[in-house]
Structure formats: structure tokens, C-alpha cells
Amino acid sequence: MGKTLKYGNLKEAEDFSTNDLYEFISSQEHYFEPNLSYKVNLRDYAEKLSNLATVNICFYESKIVGVCAFYCTPDIYDYGFLSFLSVESTYRNRGIAKKMVQDMIEHCRHFGMKTLKSSTWKSSKAMRMYMNLGFKATYSLKDESVLLDLEL
Ligand SMILES: CC(C)(COP(=O)(O)OP(=O)(O)OC[C@H]1O[C@@H](n2cnc3c(N)ncnc32)[C@H](O)[C@@H]1OP(=O)(O)O)[C@@H](O)C(=O)NCCC(=O)NCCS
């Protein structure tokens with residue numbers, strides 16, 4: 001009993017800290033194109049997400065296995081922005097990312113966001129999921145990047 005996948009929020013989950021977020025991001029960064037550390041300092045990035053974003057986590061016992069981190073700041077912007085989404089490789093293909101993205105969409109709708117934005121790259125495994133959830137993609141002509149937009 002109790003050994004199931006659980007979902008929560010980093011700020012509310014007593015067992016997890018910004019350092020756990022940093023370690024999770026570090027373990028996943030090589031799945032991103034380009035690698036995240038090519039663009040940002042990972043410790044600063046984890047701090048920033050922890051302080052300013054909504055960081056939803058999926059965990060199994062004491063281990064984070066998925067993170068969906070997004071900005072939803074209705075007092076400043078009328079759009080949300082998905083900054084980081086990743087699921088540990090052994091836990092993939094069982095609907096964790098889809099559930100986390102759907103929860104984020106509901107959260108942003110609830111707070112009156114008009115749009116949800118993100119970016120990814122053309123060959124990302126997440127592309128099909130974003131398309132199935134109704135995101136519209138704008139492809140870059142000069143590199144592999146794709147801008148994503150969902151009307152809420
Ligand atoms: C992309 C990623 C987050 C998907 O996580 P996941 O928990 O395995 O995804 P889910 O099981 O919820 O699957 C959701 C959808 O993604 C798509 N998908 C997932 N894995 C896929 C794969 N290997 N190939 C193609 N499509 C895939 C499917 O459309 C699936 O929907 P379906 O089950 O209705 O067919 C995960 O592969 C990952 O962390 N990748 C590395 C980091 C990354 O690419 N992050 C996204 C960058 S924006």
C-alpha cells in the first residue's frame with residue numbers, strides 16, 4: 001500500500017526542496033536540444049523556477065520522477081508559459097507528462113490566462129502530445145526550435 005505515483009507541488013511537498021529540483025533538472029538536461037546547461041546555469045534555473053514558477057511534481061516514494069514547471073502570473077501577464085517538462089526515462093509512456101500538462105492547462109484557465117505558450121524543438125517526443133492537446137506550432141526557419149501556443 002502507498003507505493004504509488006503521487007502528484008504534488010514543490011512548495012507544498014514537505015519532502016522535496018529546490019535542491020531536489022536542481023538534481024532532477026541536472027539528470028534530465030541532456031534530453032533537451034540544445035542541452036539546458038548550454039543556455040542557463042542549472043542551479044540558478046532551479047532557484048528561479050522554485051521562487052517564481054508553479055512547479056508541479058510527480059514522485060514515487062522519495063524520488064521525483066516528473067516535473068512540469070510553468071509561469072502563471074495573472075497580476076502581470078494574461079498568458080502562461082511552460083518552462084520545463086520532463087519525465088524520468090523509466091517512467092515514460094504511462095501518461096505522466098500528459099496528466100501534468102492537462103493539470104497545468106486547468107490551472108492557467110482557472111487563473112484567467114488567455115493563452116499558454118511554450119517552446120520545444122522539431123524532433124521532441126513531446127510534439128505529438130502538444131498537437132493532440134490543441135497547441136498550435138510555429139516552426140523556425142533558421143533553427144530546430146518550435147514556438148507553441150494554446151488558446152485557453
Ligand atoms: C516528452 C516527455 C515529457 C513525455 O513524457 P511521458 O510521461 O512519457 O508522456 P506521456 O506518457 O504522458 O505521453 C503523452 C503523449 O506524448 C506522446 N509521446 C510520448 N512518448 C512518445 C514517444 N516516445 N514517441 C512519440 N510520442 C510520444 C504521445 O502522443 C503521448 O500521448 P498518447 O499516450 O495519447 O499517445 C518525456 O519523453 C521526456 O521527459 N522527454 C525528455 C524531455 C523532453 O523532451 N521534454 C519536453 C520538452 S518541451
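## The ligand shell

By class, the shell around the ligand in this predicted model holds eight nonpolar, six polar and five charged residues. In this classification Ala, Val, Leu, Ile, Met, Phe, Trp, Tyr, Cys and Pro count as nonpolar, Asp, Glu, Lys and Arg as charged, and the others, Gly among them, as polar. The ligand is surrounded by 19 residues, and the closest are Y31, R92, A97, K98 and M129. A residue counts as near a molecule or strand if its C-beta atom, placed from the backbone, lies within 6 Å of it. Two or more residues of the shell come from each of the elements β4 (79-87), α4 (96-110) and α5 (127-132). Helices (H or I, at least four residues) and strands (E, at least two) are DSSP runs, numbered from the N terminus.

Residues are numbered from 1 along each chain as its sequence is written. Because the model is predicted, local features need pLDDT of at least 70 and side-chain atom pairs count only at pLDDT 80 or more, while totals for chains, interfaces and linings use all residues.

## Overall form

The secondary structure of the protein comes to five helices and seven strands. Along the sequence they follow the pattern β-α-α-α-β-β-β-α-β-α-β-β.

The C-alpha trace spans about 45 × 35 × 30 Å along its principal axes. A compact globule of 152 residues would have a radius of gyration near 15 Å, and the protein agrees with this at 15 Å. The radius is taken over C-alpha atoms, and the globule rule is 2.2 Å times the number of residues to the power 0.38. Of the 152 residues, 30% count as buried; a residue is buried if 20 or more other C-beta atoms lie within 10 Å of its own, exposed if 12 or fewer, and partly exposed in between, with C-beta atoms placed from the backbone. Among contacts between residues at least 6 apart in sequence, 58% join residues at least 24 apart. Two residues are in contact if their C-beta atoms, placed from the backbone, lie within 7 Å.

## The sheet

Seven strands form an open sheet with mixed pairing, in the order β1-β2-β3-β4-β5-β7-β6. β1 (5-9) and β6 (136-139) stand at the edges with a single partner strand each, so one side of each has no neighbour in the sheet. Neighbouring strands are turned by 25 degrees against each other on average, direction ignored. Axes are lines fitted to C-alpha atoms, for helices over the stretch in contact, and angles run from 0 to 180 degrees between N-to-C directions.

Strands of a sheet pair through backbone hydrogen bonds, either parallel or antiparallel. Two strands are said to pair if DSSP finds at least two bridges between them. β1 and β2 (residues 54-60) pair in the antiparallel sense over five bridges, and G8 stands opposite I57 in β2. β2 and β3 also run antiparallel, joined by seven bridges, and N56 stands opposite C68 in β3. Six bridges join β3 to β4, again antiparallel; in β4, the bridge partner of C68 is L85. By contrast, β4 and β5 pair in the parallel sense over three bridges, where Y79 has T115 in β5 as its bridge partner.

## Covered and uncovered parts

Helix α1 (residues 18-28) lies across β2, β3 (63-71) and β4, and runs at about 95 degrees to β3. Seven of the nine residues of β3 are buried, so this strand is largely enclosed by the rest of the structure.

In a regular strand the side chains alternate between the two faces of the sheet. Strand β5 (residues 115-121) has a covered face with L116, S118 and T120, and an uncovered face with T115, K117, S119 and W121.

Most residues other than glycine have a negative phi, and most peptide bonds are trans. A cis peptide bond, with omega about -10 degrees, joins E33 and P34. P34 is placed in the loop between α1 and α2 (36-39).

β2 and β3 form a hairpin with two residues between them, and E61 in the turn has a positive phi of about 50 degrees. E61 is exposed, with 11 other C-beta atoms within 10 Å. N93, found in the loop between β4 and α4, likewise has a positive phi, near 65 degrees, in a residue other than glycine. N93 is exposed, with 9 other C-beta atoms within 10 Å.
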